[in-house]
Amino acid sequence: MPNKRQEAIELLKQACGLAPQTGFEKFMYLGQVLDACGRAREAEAAMRAGVEILKNENDAANSNGEFLTSALCSLAELLMGMIHDDDDMMDACYASESALPELGEVEALLEQAMTSSNGKSPVGV
């Protein structure tokens with residue numbers, strides 16, 4: 001019998017497959033559960049999908065800025081954790097910030113988060 005996290009992953013993957021262009025939440029939740037299971041690369045892909053849905057919805061309705069801010073911060077946090085957990089990335093980070101393009105991406109995500117919130121505090125996803 002699968003554990004509860006694995007069951008959640010399977011159910012969330014099914015939900016993502018049923019409506020892959022809408023409902024950013026399921027992708028963000030999937031990313032969180034995958035990360036908790038030590039599956040960071042899969043978590044990154046899921047969170048990126050959620051962020052893209054939000055960006056598309058935000059462009060269309062211009063009303064999801066706070067959710068987009070929170071999602072961008074969650075993705076940035078995941079990437080920072082991945083950098084921290086990878087010894088080679090950490091060595092490159094200590095050698096030179098410019099030697100690690102992932103740090104630049106984290107900065108870019110946080111800048112996007114600041115502009116998407118229009119000065120409002122992010123809400124939880």
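Accessible areas here come from the Shrake-Rupley method with a 1.4 Å probe, and for residues only the protein chains shown count as cover. By that method the chain exposes about 7,400 Å², with carbon and sulfur atoms supplying 53% of it.

Welcome to this predicted model, in which local features need a pLDDT of at least 70 and side-chain atom pairs count only at pLDDT 80 or more, while totals for chains, interfaces and linings use all residues. Residues are numbered from 1 along each chain as its sequence is written, and side-chain values use heavy atoms, leaving out hydrogens and water.

**The whole chain**

The chain has six helices and zero strands; helices (H or I, at least four residues) and strands (E, at least two) are DSSP runs, numbered from the N terminus. Of its 125 residues, 34% count as buried, where buried means under 20% relative accessible area, exposed over 50%, and partly exposed in between (1.4 Å probe, protein chains only). Contact means heavy atoms within 4.5 Å. Among the contacts with a separation of 6 or more, 59% come from residues 24 or more positions apart.

How confident is the predictor? The chain averages a pLDDT (the predictor's confidence in each residue, from 0 to 100) of 83, and 74% of the residues score at least 70. Over residues 121-125, pLDDT stays under 50. Where pLDDT is low, the predicted coordinates should not be read in detail.

**Helix H1**

Helix H1 covers residues 4-18 and reaches 21 Å from its first C-alpha to its last, close to the 21 Å expected at 1.5 Å a residue; the expected span is 1.5 Å times one less than the number of residues.

Which residues of H1 are buried? They are Ile9, Leu12 and Cys16. They cover an arc of only 75° around the axis, so they lie on the same side of H1; the arc is that of the directions from the helix axis to the C-beta atoms. Helix H2 (24-36) is included in what covers these buried residues. The face turned away from the buried side carries the exposed residues Lys4, Gly17 and Leu18.

**Two polar pairs**

A polar contact is a pair of N or O atoms within 3.5 Å; within protein, one must be able to donate a hydrogen and the other to accept it, and residues adjacent in sequence count only if both atoms are side-chain atoms.

| Pair | Atoms or groups | Distance |
|---|---|---|
| Asn3 and Arg5 | side-chain oxygen, backbone nitrogen | within 3.1 Å |
| Ser116 and Thr69 | side chain, side chain | 2.7 Å |

Ser116 is found in helix H6 (residues 101-116) and counts as buried because its relative accessibility is 10%. Not counting residues up to four places away in sequence, Ser116 touches Gly65, Glu66, Leu68, Thr69 and Leu72.
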